[in-house]
Amino acid sequence: MDLLQAIVLALIQGLTEILPISSSGHLVLVPHLLGWPDQGLAYDVALHVGTLFAVMTYFRREVVGMLGAWTGSVIGGRPLDGQALFAWRLVLATIPAAIAGLAFNDFIEMNLRSPLVIVFTLIGFGLLLGWADRRAPDGRSELQTGWRDALIIGCAQALALIPGTSRSGITMTAGRFLGLSRIGAARFSFLMSIPVILLAGGYKLLQLALGDEPVAWGLMAVGMAVAFLSTLVSIHVLLRLVQRIGFMPFVIYRLALGGALIVIFY
């Protein structure tokens, strides 16, 4: 992988991770379409770490508040307030994806990084997002979620290990089905990405650091930086767009891309 490929993929990651159109699907497809070698899951994870820093930067007030309340409830013996409870719900929502990642990570990397899988997931989960957004009322905020909501959205997040599903897309879909507002579903999706990307990214980077294979740390650092900046822009755009017109533009994009892939590859 050269510098151009590293930068292009990082831009794609930053622009598509937050939007419900599947960053992992695009990271698999672009090398296929441009004749580039597959960059591998390790570089994908590095880009997700750049995204993680962007989310934490954008929502820094919420993160600092939740972290302080959560730490105080665990170490300081403080009573659980709204922020601490919400932090615990994010922890609960992370567990299904963590278990699924440990159990199926190698199988997914070897068998599911293909255009055919992405066609089915883009179209199928795109239609599901459109259905959820049309039928659900514009209801609760992310702070009004309960333990059941967190567990269900967490189980939905585990499906995003399959390329083309979209972590943000499937969690926003679940949130809308559960009665969260569009902004509430989006914000919950963004905030719950922090622990799961932290776990997955930390685990993979530790493997790379302790492994014997050479690692292009310079390219990975460039990718993280580009993904960080483009993700900040993407979050801002999504929140404004969703509040005004909903998720339908992303549904249309997923269906169009899935149809185009059928024409190109099949």
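Predicted model: local features only at pLDDT ≥ 70, side-chain atom pairs only at ≥ 80, totals over all residues.

Biologist: Where do Arg187 and Glu142 lie?

Modeller: Arg187 is in helix 9 (residues 182-210), while Glu142 is in the loop between helix 6 (115-135) and helix 7 (147-159), so the pair ties together parts that are 45 residues apart in sequence.

Biologist: Are Arg187 and Glu142 buried or exposed?

Modeller: Both Arg187 and Glu142 are buried. They also belong to a network of salt bridges that includes Glu62.

Biologist: OK, zooming out, how many salt bridges are there in the whole structure?

Modeller: The search turns up 7 salt bridges. One of the pairs is Arg167 with Glu17, at 3.5 Å from N to O.

Biologist: Which parts does that pair tie together?

Modeller: Arg167 lies in helix 8 (residues 167-177) and Glu17 in helix 1 (residues 3-17), so the bridge joins parts 150 residues apart in sequence.

Biologist: And their accessibility, what's that like?

Modeller: Arg167 has 12% relative accessibility, so it counts as buried. Glu17 has 5%, so Glu17 counts as buried too.

Biologist: Switching topic, which residue does Arg148 pair with?

Modeller: Arg148 forms a salt bridge with Asp149, and their closest N and O atoms are 4.0 Å apart.

Biologist: Is Arg148 buried or exposed?

Modeller: Arg148 is exposed, because its relative accessibility is 58% and the cut-off for exposed is over 50%. Asp149, at 6%, counts as buried.

Note on methods. Residues numbered from 1 in each chain as written. Heavy atoms only, no water. Salt bridge = Lys/Arg side-chain N within 4 Å of Asp/Glu carboxyl O. Helix = DSSP H or I, 4+ residues; strand = E, 2+ residues; numbered from the N terminus. Buried < 20%, exposed > 50% of the residue type's maximum accessible area, 1.4 Å probe, protein only.
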